[in-house]
Amino acid sequence: MAEPQLLFDYIGHLPECPTWSAEEGSLYWTDILENEIHRYHLASGKHDIIQFSEEVGCFALRETGGFIVAMRSGIWLTNNTGLIVGKVCDNPSNPDLARFNDGGTDRQGRFYAGTFWGPGDYNGALLCRVDNDLTPHVIQHDIHGANGLAFSADGQWMYTSDTPNAVIYRTPLDAQGEPGVREVFKRFAKNEGVPDGAALDSEGYYWTALFDGYRIARISPQGEIVEEHSLPVRCPTMVCFGGDDMKTLFITTTRENMDEDEVASLPLSGAIFTLRVDVAGMEKLTFREA
């Protein structure tokens with residue numbers, strides 16, 4: 001079985017939202033708490049950092065170039081240097097209490113962004129969708145921390161996780177991609193780790209980063225863990241597929257809220273790992289503007 005390897009000599013604060021660009025041969029990701037989007041070109045080893053004025057919870061590459069970015073105050077369009085070129089909408093949560101977190105695109109190239117409810121006193125977060133014509137919609141409530149977004153190849157299911165509540169959901173989608181009633185896909189017991197960011201492979205298996213769990217897991221369409229890979233860090237945050245054959249899994253991790261002793265004992269916390277897998281993953285589509 002393959003072992004996770006370091007992508008390169010990098011340690012972040014809260015890396016998230018890894019996104020592979022096949023066209024560029026590059027991996028993008030955000031460091032939420034440092035207000036950054038990173039780009040790493042695998043062939044040359046060139047590493048670029050784009051600075052923003054607020055936390056970047058998630059983003060997607062735009063088909064026309066640049067990014068659609070969910071920052072604390074709202075969702076914005078930018079060029080490829082991070083310069084804002086248009087506003088999509090305000091944060092539909094209270095931005096003082098909820099920042100954007102996980103997100104990505106569906107099979108129609110629409111953008112989704114969920115929030116994380118900071119106070120933690122109830123499930124006050126939500127999930128919103130930005131259509132191709134830039135119209136925003138809030139599509140789900142009753143979430144503590146939105147994560148784990150992924151879409152089945154046939155467009156019939158949307159997967160999400162609620163990390164603090166240790167649950168993965170799946171939601172049926174109609175022919176237009178509109179969500180029905182979500183259902184529980186898998187719950188995790190105490191001390192198993194909690195499901196964070198995720199991706200689907202070409203066989204329909206769901207790969208999840210198990211935050212507080214020191215590992216990532218592959219879950220069958222029936223909700224059973226069929227494969228696990230340990231990591232030398234406590235908190236992986238998200239996975240995505242990439243590489244020439246889409247059989248490289250990129251894994252982001254964090255050192256958020258770790259004290260000096262834990263960082264010393266787990267010094268690779270915040271690094272990005274790669275893992276070669278047997279089944280290719282699904283491509284993450286760009287955001288398509290009508």
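Q: Which backbone oxygen does the side chain of Arg215 reach?
A: First, the ground rules. This is a predicted model, in which local features need pLDDT of at least 70, side-chain atom pairs count only at pLDDT 80 or more, and totals for chains, interfaces and linings use all residues. Residues are numbered from 1 along each chain as its sequence is written, and side-chain values use heavy atoms, with hydrogens and water left out. A polar contact is a pair of N or O atoms within 3.5 Å; within protein, one must be able to donate a hydrogen and the other to accept it, and residues adjacent in sequence count only if both atoms are side-chain atoms. In this case, the Arg215 side chain reaches the backbone oxygen of Gly213 at 3.0 Å.

Q: With which side chain does the side chain of Arg215 make a polar contact?
A: With that of Glu228, at 2.8 Å.

Q: Is Arg215 buried or exposed?
A: Arg215 counts as buried because its relative accessibility is 15%. Arg215 sits in strand E20, residues 215-219. Strands (E, at least two residues) and helices (H or I, at least four) are DSSP runs, numbered from the N terminus.

Q: Which residues is Arg215 in contact with, leaving aside neighbours within four places in sequence?
A: Contact means heavy atoms within 4.5 Å. The partners of Arg215 are Glu192, Ala209, Leu210, Glu228, His229, Ser230, Leu231 and Pro236.

Q: What phi does Tyr214 have?
A: A positive one, about 60°, although Tyr214 is not a glycine. Tyr214 lies in the loop between strand E19 (206-211) and E20. Tyr214 counts as partly exposed because its relative accessibility is 38%. Asn35 also has a positive phi of about 60° and is not a glycine. Its loop runs between strand E3 (26-31) and strand E4 (36-41). At 18% relative accessibility, Asn35 counts as buried.

Q: How many residues does the largest nonpolar core have?
A: In soluble globular proteins, nonpolar side chains tend to be buried together. A nonpolar core here is a set of buried Ala, Val, Leu, Ile, Met, Phe, Trp, Tyr and Cys residues joined through side-chain atoms within 4.5 Å. The largest has 27 residues, and Ile68, Ile75 and Phe111 have the most contacts inside it. At least two residues of this core come from each of strands E6 (56-61), E7 (67-71), E8 (74-78), E9 (84-90), E11 (111-117) and E12 (125-130). A second, separate core has 26 residues, including Trp20, Phe250, Ile272 and Val277.

Q: Which residues does Ile68 touch, not counting those up to four places away in sequence?
A: Among them are Ile75, Trp76, Val88, Phe111, Val130 and Phe287.

Q: How many bridges join E8 to E9?
A: Strands of a sheet pair through backbone hydrogen bonds, either parallel or antiparallel. Two strands pair if DSSP finds at least two bridges between them. E8 and E9 are antiparallel and are joined by five bridges. Thr78 has Ile84 of E9 as its bridge partner. This hairpin has five residues between the strands, and Gly82 takes a positive phi near 95° there.

Q: What order do the strands of the open sheet of four have?
A: The order is E1-E24-E23-E22, with antiparallel pairing. Strand E1 (5-6) and strand E22 (236-242) are the edges, each pairing on one side only. Strands E23 (residues 248-253) and E24 (residues 272-276) share five bridges. Phe250 is partnered with Thr274 in E24.

Q: What does His47 touch, not counting residues up to four places away in sequence?
A: Phe8, Tyr10, Trp29, His38, Arg39 and Tyr40. The side chains of His47 and His38 make a polar contact (2.8 Å). His47 belongs to strand E5, residues 47-51. His47 is partly exposed, with a relative accessible area of 28%.

Methods
Buried < 20%, exposed > 50% of the residue type's maximum accessible area, 1.4 Å probe, protein only.
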